[in-house]
Structure formats: C-alpha cells, structure tokens
Amino acid sequence: MAIDAIIPFKPKNPKTRLSCIMEQDEREAFARAMLSDVLAAVRAAGCAPTLLSTGPFEHPDARVVVDPAGLNESLNRVLATAQEPVLIIMADLPLATPEAVGRMIGTDAQMAIAPGLGGGTNAIFVKEPSRYHVDYYGASFCKHMAIAAEAGLSCEVTDSFRLHTDVDEKEDLVEVLIHGQGSAACRCLDSLGFALSIERGRVGVERRTHKEAL
Ligand SMILES: Nc1nc2c(ncn2[C@@H]2O[C@H](COP(=O)(O)OP(=O)(O)OP(=O)(O)O)[C@@H](O)[C@H]2O)c(=O)[nH]1
Ligand SMILES: C[C@H](OP(=O)(O)O)C(=O)O
C-alpha cells in the first residue's frame, strides 16, 4: 500500500525570506514549482501525497486538505489520528529524488528524520504516527530527535544532500541552479532571470533583469 506523504504548503505569500529578491507573485510561482518537484519525487517513490494547505489550493497530482491553523497544530492533528505510517515532507525541497525518499521510507528503524540546513527538519517518516508529535521552528531537528527518544522510538538520521537542501534564503538558490538542473524550480528561476554569479570568489546568484549580483 502507498505510504501517505503529508506536504505542508503555504500557497499565499510564501518564502518571505526571499522577499529581498522576489515579488510576492514570483515567490508564489517559485513555491509552486518547488512543490511540483517534491510531488514528483514522492509519487515516484510510491507515496500518496496530501497537501496540508493553509488556504484553498488545487493540484492535479495531490489531494488537498485545507487547515489554516499553524504548522505544528495542523500536523499534530494529522499524526494523532493516523493509523498507518506517515511521511511528512516539506514543499521547499526541489532537489528531492525518489531514491532519497525511498531510502527514508525504507528505514529499518521506527522512524527517520532528514535534517534541514541551519537546524531545521525537512522530512520525518514515522511508522506509528500516533506515538509522535512535531515541534517545528527554531532548532527543530534537535527537538524532533528528543521527541523520538522520549517516545522510545528508534530513529535513523537520513544522510541526504538532496533532502537536506531546503530553499529559504537567496544563497540557497545557488544549489537549485547547480544541482537542480531539469527541475521545475530551476526552470522557474531561469524564467525569472536568475543565474549563477561567480564574480567575488564565492558562487552567488544574479538576476539578469537587475544585472547586479544579489
Ligand atoms: N500547513 C502549513 N504549512 C506551512 C505553514 N508555514 C509554512 N508551511 C510550509 O512548511 C514548509 C516549510 O516552511 P518554511 O520554510 O518556513 O516556508 P515559508 O513559511 O513559506 O517561508 P518563510 O516565509 O521564508 O518562513 C513549506 O512547505 C511551507 O509551504 C503553515 O502555517 N501551515
Ligand atoms: C519549519 C522550519 O523550517 P526552516 O525555517 O528551518 O526552513 C523547521 O524546519 O523547523
């Protein structure tokens, strides 16, 4: 049976940390593009995706449940009543691959956690979801490991560059342009005029329409 993949998604005014380089409509388009990449990866890994959306949203490849409550509250409601294994995977992982997702849901442990850049948590797979709850924001990876230990659940830390790379800040766009060739997110960045900038010794991004390195 397909494993339920819950993908939290904020369609309206998402990715505010990219406001310095993208307008709201551009951030919304970029968030949808990243979501498409995540959906393709989870579906190819054999999961059945459900978008847990903060507002009305439709997608041809996923069931949508609308819950305007906060991220933790809405996810914990889902976990408390779920009877089967659940994968929670964020919508901002455009480098995700079916292999990486497959490795996570194939864990021998009772659960697996994929850390994100900067202390966050990018994906959680739990075989007995009602024994677990989430606590996102801040150093959520540390909190999620502690919650697993308190619940007595064995937990594998998923070692995956592709699941580790969540796109929050402008510097993260570099990873999409380099490692996400062929992804919807990379095409979206390209259409918005973003390209690599290698002028100052460190790779950054520039926007062709603006010219200056961002
Ligand atoms: N269901 C739900 N999903 C959320 C909520 N806030 C963020 N998300 C989703 O959770 C994931 C990780 O969130 P963030 O990295 O903080 O994304 P964001 O809130 O769009 O970005 P920032 O505004 O820059 O913090 C993304 O898939 C978001 O779409 C929320 O309140 N409810
Ligand atoms: C939701 C949050 O995302 P971040 O702000 O770390 O991308 C987290 O992973 O706890």
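Strand β5 (residues 111-115) and strand β6 (residues 121-126) run antiparallel and are joined by five bridges; strands here are DSSP E runs of at least two residues, helices are H or I runs of at least four, and both are numbered from the N terminus. Two strands count as paired if DSSP finds at least two bridges between them. This is a predicted model, in which local features need pLDDT of at least 70, side-chain atom pairs count only at pLDDT 80 or more, and totals for chains, interfaces and linings use all residues. Residues are numbered from 1 along each chain as its sequence is written, while chains are lettered from A and ligands numbered from 1 in the order in which they are written.

- Five of the five residues of β5 are buried, so the strand is largely enclosed by the rest of the structure (buried: 20 or more other C-beta atoms within 10 Å of the residue's own; exposed: 12 or fewer; partly exposed: in between; C-beta atoms placed from the backbone).
- Met-111, Ile-113 and Pro-115 point one way from β5, and Ala-112 and Ala-114 point the other way.
- On the β6 side, Pro-115 stands opposite Thr-121.
- A hairpin is formed by β5 and β6, with five residues between them, and Gly-118 in the turn has a positive phi of about 75°.
- Strand β7 (residues 155-157) runs parallel to β5 and is joined to it by three bridges.

- Seven strands make up an open sheet of mixed pairing, in the order β3-β2-β1-β4-β6-β5-β7.
- The edges are taken by β3 (63-66) and β7, each with a single partner strand, so one side of each has no neighbour in the sheet.
- From one strand to the next, the twist averages 20° (axes are lines fitted to C-alpha atoms, for helices over the stretch in contact, and angles run from 0 to 180 degrees between N-to-C directions).
- Helix α4 (residues 140-150) packs on the sheet, touching β5, β6 and β7, and its direction makes about 170° with that of β5.
- Seven bridges pair β1 and β2 in the parallel sense, with Ile-7 opposite Leu-51 in β2.
- Five of the seven residues of β2 are buried, which leaves the strand mostly covered.

**Helices α1 and α7**

- The axes of α1 (residues 24-44) and α7 (residues 184-191) come within 7 Å and cross at roughly 155°.
- That makes the two helices roughly antiparallel (over 145 degrees; under 35 is roughly parallel, 65 to 115 roughly perpendicular and the rest oblique).
- Ala-29, Phe-30, Ala-33, Met-34, Ser-36 and Asp-37 of α1 make the contact with Ala-184, Ala-185, Arg-187 and Cys-188 of α7 (contact: C-beta atoms, placed from the backbone, within 7 Å).
- By class, the residues of this contact are seven nonpolar, one polar and two charged (nonpolar: Ala, Val, Leu, Ile, Met, Phe, Trp, Tyr, Cys and Pro; charged: Asp, Glu, Lys and Arg; polar: the others, Gly among them).

**Ligand surroundings**

- Among the 16 residues around ligand 1, Pro-8, Pro-14, Thr-16, Arg-17 and Ala-91 come nearest (a residue is near a molecule if its C-beta atom, placed from the backbone, lies within 6 Å of it).
- The elements giving two or more residues to this shell are β1 (3-9) and α2 (71-81).
- Around ligand 2 stand Gly-116, Gly-118, Gly-120, Thr-121, Tyr-136, Tyr-137, Ser-140, Asp-166 and Asp-168.
- The shell of ligand 2 has two nonpolar, five polar and two charged residues.

Notes
Two residues are in contact if their C-beta atoms, placed from the backbone, lie within 7 Å.
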